[in-house]
Amino acid sequence: MTRTAFAALALLATLAVAPAQAQQPVLNLYSARHYTTDEALYANFTRATGIRVQRVDADDAGILARLKAEGSASPADVILLVDAARLHKGEVDGLFKPVKSKLLEDALPAAYRATPTAEGTAWFGFSTRARVVVYDKQKVKREDVDTYEELADPKNKGKLCIRSGSHPYNLSLFAAMTEHLGDKKTEEWLKGMVANLARSPKGGDTDQIKAVSAGECQIAVSNSYYVARLLRSNNAEDKALMDKVAVVFPNQTSWGTHLNIAGGAVARHAKNTAAAVKFLEYLASPEAQAYFADGNNEWPTARGVKVNNPALQAMSGTANGSFKAETLPLSTVGANAVKVQQMLDRVGFK
Ligand code: FE
């Protein structure tokens with residue numbers, strides 16, 4: 001059984017949607033956003049609209065599997081996923097109901113939305129995150145880790161910590177690499193990273209950063225918002241941790257740092273389509289967008305929203321917090337994921 005299928009079964013066995021409370025309109029949300037700061041976002045939506053949000057939390061693959069298994073009986077109205085490849089997969093598998101919303105089209109640049117069809121747009125991206133490199137500033141030279149390619153260089157042997165290769169954050173990064181390097185070189189690159197591992201992949205992104213601080217490894221790969229969260233922490237342990245490490249946005253002199261996207265869609269069998277669209281429109285509002293930036297340290301996607309987050313600014317190492325981001329059509333990245341998983345299996349990237 002594949003990991004995904006197993007996760008889906010485990011999910012079906014353990015999760016159940018609680019019965020809706022009478023009177024107040026209810027929106028059923030399936031969310032892969034695992035951030036406690038989002039609670040305030042949903043509460044604000046309820047205050048503004050009177051619509052209560054009933055949430056089921058699971059990871060991206062679990063949500064897609066659940067939607068498939070439930071079919072037309074699914075109670076889901078709206079879906080939030082944290083990875084471009086998964087958003088694309090949900091679209092391709094017909095799990096979303098395309099939406100026509102002038103508000104969303106005006107608010108979000110085309111690059112952060114699914115390609116529209118006659119039916120509408122299948123999904124909308126509300127925030128971005130960068131896949132950055134964190135390193136021990138005593139033991140590693142910045143110029144040795146300022147490209148993704150160097151993660152596989154023999155000079156970094158025994159130094160690398162990274163979460164599972166099959167995790168969507170990595171799958172999307174690797175899928176993007178195949179666009180830049182081609183299949184053959186990407187597989188060699190993956191093989192090189194396996195050879196450079198300080199330990200077998202385990203844990204989440206924050207665990208990789210902590211492993212650098214603990215001396216288990218010297219180089220870690222992480223999503224930017226985990227780094228910013230630690231940078232903003234008042235916890236003495238986190239402060240000591242972040243004093244030891246530095247952050248680099250890779251590939252600034254070539255194709256730019258890999259960006260991933262978190263976004264949402266209306267469920268194919270939504271019973272409350274109007275409320276679901278209202279919810280997505282709320283997420284594109286300046287108030288909600290500011291929340292992604294300040295609450296979860298992501299970059300907002302809506303036009304004209306200013307980021308006011310010192311940690312995000314400090315992290316990029318540039319005066320205005322800007323950096324060069326990779327630009328690739330998200331659909332290509334999504335389509336490469338299957339091929340990349342086969343490469344991971346061949347090179348033994350767990
Ligand atoms: Fe995450």
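Tutor: Start with the largest nonpolar core, which holds 55 residues; Phe126 and Phe279 touch the most other members. Helix α11 (residues 273-283) is the top contributor to this core, giving seven residues. Domain 1 (25-127 + 259-316) and domain 2 (129-258 + 327-347) each supply residues, so the core lies between them.

Some ground rules. The model is predicted: local features need pLDDT of at least 70, side-chain atom pairs count only at pLDDT 80 or more, and totals for chains, interfaces and linings use all residues. Residues are numbered from 1 along each chain as its sequence is written, and side-chain values use heavy atoms, with hydrogens and water left out.

Now the terms. A nonpolar core is a set of buried Ala, Val, Leu, Ile, Met, Phe, Trp, Tyr and Cys residues joined through side-chain atoms within 4.5 Å. Buried means under 20% relative accessible area, exposed over 50%, and partly exposed in between (1.4 Å probe, protein chains only). Helices (H or I, at least four residues) and strands (E, at least two) are DSSP runs, numbered from the N terminus. Domain bounds come from an automatic or database domain assignment.

Look at Phe279. Leaving out residues up to four places away in sequence, Phe279 touches Leu27, Leu29, Tyr42, Phe45, Val53, Val78 and Leu80. Contact here means heavy atoms within 4.5 Å.

Thr178 sits in helix α6 (residues 168-181). Its relative accessibility is 6%, so Thr178 counts as buried. Beyond four places in sequence, Thr178 touches Asp183, Thr186, Asn336, Lys339, Val340 and Met343.

Back to the two domains. The centres of domain 1 and domain 2, taken over C-alpha atoms, are 26 Å apart. In contact are 27 residues of domain 1 and 23 residues of domain 2. Between them the domains bury about 2100 Å², with 59% of it on carbon and sulfur atoms. In domain 1, Leu259, Asn260 and Met315 lose the most area to domain 2, together 29% of what that side buries. Buried area is the accessible area (1.4 Å probe) that two parts lose on being put together, summed over both.
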